[in-house]
Amino acid sequence: MNMRIVKVQALQSKLSHAAKQSLDRKFGALYDKIYREDVLWVAWKKVRANKGAPGVDQQSFEYIEQVLGVEAFVREIREELHSQKYRPQAVRRCWIDKPGKSEKRPLGIPVIKDRVIQAATKLVIEPIFEANFLPCSYGFRPGISAHMALKAIKTAITFKRQRTVIDADIVGFFDNIQQDTLLKLLRRRISDPRVLKLIKGWLEAGVMEEGEYMEPKGLGTPQGGVISPLLSNIYLHSFDKMFQQSGIPATLVRYADDFVILLWGEGKGVLNKVQRMLGRLGLQLHKDKTRIVHARKGFDFLGVHFRLCHTNRKGAKLRWYCSLWPSERSMQRIKQRIRELIGRRYGMSLEKMIEDLNPVIRGWNNYHTAVPPNAKRFRKLNGFVRERMRIFLRRKYSDQSRGCRRVHNNLLVRLGLYQFG
């Protein structure tokens, strides 16, 4: 393993141990750790691996590597941080489609230099705040995955028999974070004013959209920054804590700003309490999208549909169990992605088409098969891919027949097409 990575992991381990020893200790002298040579290099590697578009300065990764030179780029960052001359730039706003929805959501793209410094800051402060985070928080945390959140919900419904579900949706979470409140929460664990100034600078950097600069006006954090997921967890940790201390007999499962609450009996009273808790943070629930539903009717969370089902198996110890399968929205997303990939690229060979399809199918499949899969839905998806490929080959070769012979005898699978399920 690279020695730089080993040194950074040792630093994180030391900070984590110290944070766990005292859950209210404030950490000073963190700034010098952010501009350590090994920390900046590991931060660069992480940002480079994530790829991404350039920010407002239009500097791409290729430009940095081929023109500036990575060593000179990292050295310049280190010198700016050491001399405290670094100033963040505005983020470039673009709009991306919400999966399975007609509306779009804003995405802030910082310049690469800001991304690297945010990643370095995250490497240093994340172990400190991780010591405080509660088990109900599953989103964007090291060693914790969305699959753990799915299993927690399944366990609560099947074994705890918590079958009343509050399916919650926070209105414009990233746009409504109160920056003053967030900075107060950061000061509970960080006393180094230079680190706080760094984070405050990113919050106040503003947004550039189509050449027009917009100030944040004390609200929001750009959705797309490297450090944004950690800041959102720090902000909503207060909600987790309020819920824990309220003594509500329920299970909270939160993934970033999405959460569900599973409980026994009636949920209106709990929903009112949750609204008051979020109100203290300047947040509110979406009236139309937040609902109370029984697990028998089913609900979607993290691209998965949960439903309480009756077992027909003789001798089963449980009469009711929670069944999981890909949500309808998730199914439509993967179908649309497959349609886009196949498209009308009639000049492409069948082998190359399969090579392009496989990573997409495999990635979606790996996520949805980590929990016991629903075989019927996966068979339908395999049939869908086969049908799209049949249509593609029929048009590619101007086949006057239905083109079934071109995909018969499991030809696509024999050529290496990955299968769902």
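Begin by selecting strand 10, residues 304-310, in this predicted model. The strand is mostly covered, with 5 of its 7 residues buried.

Display the side chains of Asp300 and His305: the former stands opposite the latter, which belongs to strand 10. Then move to the hairpin that these two strands form, where 2 residues lie between the strands. Within this hairpin, select Leu302, which takes a positive phi near 55°.

Return to strand 10 and select strand 11, residues 320-326. Here the pairing is again described by its direction and bridges: strand 10 and strand 11 are antiparallel, with 7 bridges between them. To inspect one facing pair, select Phe306 together with Leu324 of strand 11, which stand opposite each other.

The tour now turns to a pair of helices. Select helix 1, residues 3-21, and helix 6, residues 112-130. Their axes lie 7 Å apart and the helices pack at an angle of about 30°. Because of that angle, helix 1 is roughly parallel to helix 6, the limit for this description being under 35 degrees. The crossing of the two helices is right-handed.

Finally, show the side chains where these helices meet. From helix 1, select Val8, Leu11, Gln12, Leu15, Ser16 and Ala19; from helix 6, select Leu123, Val124, Pro127 and Ile128, which they meet. Colouring this contact by residue class gives 8 nonpolar and 2 polar residues, with no charged residues.

Note on methods:
Residues numbered from 1 in each chain as written. Predicted model: local features only at pLDDT ≥ 70, side-chain atom pairs only at ≥ 80, totals over all residues. Heavy atoms only, no water. Axes fitted to C-alpha atoms, helices over the stretch in contact; angles between N-to-C directions. Helix = DSSP H or I, 4+ residues; strand = E, 2+ residues; numbered from the N terminus. Parallel < 35°, antiparallel > 145°, perpendicular 65-115°, else oblique. Left-handed = near helix turned anticlockwise from the far one by under 90°. Contact = heavy atoms within 4.5 Å. Nonpolar A, V, L, I, M, F, W, Y, C, P; charged D, E, K, R; others polar. Buried < 20%, exposed > 50% of the residue type's maximum accessible area, 1.4 Å probe, protein only. Pairing = 2+ DSSP bridges.
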